[in-house]
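Here is a friendly briefing to read alongside the coordinates. Please have your viewer open as you go.

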Amino acid sequence: MKANNNLGIWMDHSVANLIDIDARKECGSIASNFTSDTKEDALNKSENLMHNKRQQMNEKFYDTIGAQILKYNHVLLFGPTNAKVELHNYLNKDSHFKNIKIDVASSDNITDNEQVAFVKNHFAKV
C-alpha cells in the first residue's frame with residue numbers, strides 16, 4: 001500500500017538521487033551499471049553491441065528506480081539530461097504506474113541541498 005507522500009528524483013544516466021522530503025532520513029541513491037568502462041568494452045566489440053548493452057542496463061536502472069516510485073503517490077523527475085524523460089516514457093508503458101502522478105522538470109547539475117530545495121519548492125506549488 002502506498003503512503004500519501006511525495007518523492008523527488010534528481011537523475012542523469014549514471015545516478016538517481018531519491019529525495020523524500022517527508023521522511024526524516026535520506027532515501028539514498030541508485031547508480032547505473034552502465035559505466036564508461038562498460039561502454040568502452042562493448043564499443044570495442046561493436047557499436048551495435050554497445051547500444052544493446054546500454055538499453056539493457058538502462059532498463060535495469062529504470063526498473064530499480066520504478067520499484068521505489070511504487071511506494072509514492074506523486075513523483076518529480078528532474079535533472080540535466082534526458083534520462084528523466086526516458087524514465088517517464090518507460091514508466092508510462094507500465095500499468096503499475098497509472099495511478100501515480102509523475103511530473104518532469106529540467107534542472108542543472110546542482111548540489112544535494114539544492115536538490116532538496118528544488119523538490120520542496122515544487123511540491124509546495126502543487
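Predicted model: local features only at pLDDT ≥ 70, side-chain atom pairs only at ≥ 80, totals over all residues.

Residues are numbered from 1 along each chain as its sequence is written, and side-chain values use heavy atoms, with hydrogens and water left out.

**Aromatic pairs**

- Searching the whole structure gives three aromatic pairs; rings of Phe, Tyr and Trp (its six-membered ring) pair if their centres lie within 6.5 Å, and planes under 30 degrees apart count as stacked, over 60 as edge-to-face and the rest as tilted.
- One of them joins F61 and Y62, whose ring centres are 5.9 Å apart with planes at 35°, so this pair is tilted.
- F61 is buried at a relative accessible area of 3%, and Y62 is buried too, at 4%; buried means under 20% relative accessible area, exposed over 50% and partly exposed in between (1.4 Å probe, protein chains only).
- Y62 also pairs with Y90: the ring centres are 5.8 Å apart and the planes stand at 50°, so this pair is tilted.
- Because Y62 belongs to helix α2 (residues 47–69) and Y90 to helix α3 (residues 83–92), the pair ties together parts that are 28 residues apart in sequence; helices (H or I, at least four residues) and strands (E, at least two) are DSSP runs, numbered from the N terminus.
- Y90 is partly exposed, with 25% relative accessibility.
- Together, F61, Y62 and Y90 make up one aromatic cluster.

- K101 is partly exposed at 46% relative accessible area, whereas D103 is buried at 15%.
- D103 also has a polar contact of 2.6 Å with H74, side chain to side chain; a polar contact is a pair of N or O atoms within 3.5 Å, where within protein one must be able to donate a hydrogen and the other to accept it, and residues adjacent in sequence count only if both atoms are side-chain atoms.
- H74 sits in strand β4 (residues 74–79) and is buried, with 9% relative accessibility.
- Leaving out residues up to four places away in sequence, H74 touches N5, N6, L7, I100, K101, D103, H122, F123 and V126; contact means heavy atoms within 4.5 Å.

**V15 in strand β2**

- V15 is part of strand β2 (residues 15–19) and is partly exposed, at 23% relative accessible area.
- Its C-alpha atom is separated by 4.3 Å from that of A31, 16 residues apart along the chain.
- Beyond neighbours within four places in sequence, V15 is in contact with W10, S29, I30, A31 and F61.

**S107 in a loop**

- S107 lies in the loop between β5 (101–106) and α4 (112–125), and S107 is buried at 12% relative accessible area.
- From S107 to G79 the C-alpha atoms are 4.8 Å apart in space, with the two residues 28 apart in sequence.
- Not counting residues up to four places away in sequence, S107 touches W10, F78, G79, P80 and F118.
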